[in-house]
Amino acid sequence: MGRSVTMRTVAEKAGVSTKTVSNVINGTGSFSPETEHRVRAAVEELGYQINPFARGLRSQRTGTIALVLPNVYQPFNAELAEQVIRAPETQGLKVVVETTRGDAERERAVLSTSHKELVDGVIYVPEALTAEEYLPLPLTQPTVVLGERPAQAAGMHLDYVEIADEQGAHAAVSHLLAQGRRRIAALCEQAEPRAGGRRLHGYRRALDDAGVAYDDSLVIGVDNADLWSSGAGAVARLLRTRVRFDALFCYNDVVAIGALSVLARSGVSVPDDVALAGFDDIEAARFASPPLTTVDPQRESIARRAVSLLRSRMDTEDFRDLPGRCESAGFVLRVRKSSSATSNTLAQSPT
Amino acid sequence: MSTMHDVAQRAGVSLKTVSRVVNGEPNVREQTRRKVDAAIAELGFRPNSVARNLRTGRIDLVGLALPHLSQPYFSSLAEEIMREAERHGLTVLIELTEGDAEAELALVREHGPHLGGLLMYPVGLSEAQALTVARTVPTVFISERAYDAPVDRVAMANREGIRALVGHMVSLGYTRIAALGADHTGRPERAAAHLRLEGYRDGLRDAGLPYVPELVLEVGTPHWNRQEGAAGMRRLIERDIPFDAVVAFADALALGALHALQEAGLTIPAEVAVAGFDDTDDARYTYPSLTSVAPGRAQIAREALALLNDRMNGTVERDSGRLVVADHQLIVRESTLGGMAAWGGA
């Protein structure tokens, strides 16, 4: 049963179009029993073998890519999905979104066996699995990871688009310091593999650079940074401790806006009493009252880079032919009224 | 389309063995693997490796077709549906159509055979196309647009909800109530806007208030987002027509309006009261928090999955159509009640 027998050979033998052969083989579309019989006979006679499980063999394209996210209620994720659909690189591809809901089993399933009959490639945002957990899984399709590339991924056949977590946080906190703030609290999610650790690192480095001592009592953990209520709860906790603070750096905009809702009702004026900064630049940040200073991680650039990396891998005969690549989208600090009387924008170009 | 059952039968092995081979698991004898591979090739079987239920043979993968996710209403609807689907043992794949009939049809054509069922928020689909979709794959429409065709549909109480909102404004003494989000094109895909405008008219009529065209703002094409809401509000402020309340046809529009009003130095609700429709999570965390109509999202998800379950199990007549309209609830918060409202109210 040689490789030289193609769908075209089968079509010629059966006297039908290759589309019809494909329909019969895949059980799609409509065809008469008589046509089906002719095609099946040709398949048998020629020894044509359909092996949809052959690893890396990209013969059956679906024209669809999957975006695998922890959830879609976090606006960052929803807006990222929008950017992936709109990216010029996505032209001609369909996009489906799968959510893993922080479930390690679902993430494993998506990476190793995800609906191969439906998608040609996957853009994956890790949530429950650490690199140590997902890297050993057998890769069955082109995959791009959004997040920090771990050292052990070097030499593996998957690509990364990194978000400037550490640098972005450093810039935001440096900006708060430049406003004369010295007691900068942080509301941060610290659970791995999420970005909290890296953003907190950026926070500490900015303090170090300015010669401001790190104070443990100013760092408050956030349980689920994707919920608006988390920031509200965390800042209420911080206010109860009576620890003095004059600025607040938040893990993301959802946490920051949740915190803002409590500050506004506690008689704390933003930015006069407390300067506030977030991360993500979601739409709600621009429309907050006052508008929120935040780190724009360049969602459009993240989406375009991810799709472009994925496409190049999908276009190879065996997706393992390309070495692993890593790109970074850079960031822009969006200074708005929550941290400064005068708003402006400090940009850092992509690396 | 052949199933895993067929493959097992043809190869003379158990379902579990077929599943092992399909998923590339170890501990399958080479001879068995070949038998299964041959049966697969012969039957033209394509695996739904994660999705097909080994016990029932039913495809447990369900498509959820939405125009986009940027409007919080759609992302929260998606969350409710995924939560509910899990209860039914179904996995949901979100398909984004951008509200384009061609994309809506293409996804059904190409993904239909791999889906056990489809929940669709149709935008571009015509009457005839909706019927085609429903006949291709078990389908339930979550749609404000009505179809005469015999299809299943779950809808919101668009008209009643906005009518209640106008009534609430009137009860607080507001009389110059602007509407934000109207559509005068009459295009069927803008059904939600049309129904909500009807509700606005109903509410005015209930109170004996006149309909003032200058207070009715057409915004939000194609999306109802904060930007559109803010732009519409700024236009109204510039017109210099007196108004004391704004009924926005979506929370996203209301949140944009809130921003524009605050930007113009107006106090909410002392000078202008604002309310929306959708009761999305973010509406609770603005300052002031937003009064809104909760459209019964959890109920919509529950009913849609129940209807779909019937379709997937083939327990309903093929050419029957069912309609469920979810219950709405008025959620009163600071943007209309001021300090009297419990923040974050139920």
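# A first look at chains A and B

Biologist: What share of the residues in chain A is buried?

Modeller: This is a predicted model, where local features need pLDDT of at least 70, side-chain atom pairs count only at pLDDT 80 or more, and totals for chains, interfaces and linings use all residues. Residues are numbered from 1 along each chain as its sequence is written, while chains are lettered from A and ligands numbered from 1 in the order in which they are written. For the 351 residues in chain A, the buried share is 51%.

Biologist: Over to chain B: what distance does helix H11 reach from its first C-alpha to its last?

Modeller: Helices here are DSSP runs (H or I, at least four residues), as are strands (E, at least two), numbered from the N terminus. H11(B) covers residues 297-313, 17 residues in total. The expected span, 1.5 Å times one less than the number of residues, is 24 Å here, and the helix comes close to it, at 24 Å.

Biologist: Which helix do the buried residues of H11(B) pack against?

Modeller: Ile300(B), Leu305(B) and Met312(B) are among the buried ones. Their contacts (C-beta atoms within 7 Å) include strands S1, S3, S4, S5 and S11 of chain B. The helix on that list is H4 (72-87).

Conventions
A residue is buried if 20 or more other C-beta atoms lie within 10 Å of its own, exposed if 12 or fewer, and partly exposed in between; C-beta atoms are placed from the backbone. Two residues are in contact if their C-beta atoms, placed from the backbone, lie within 7 Å.
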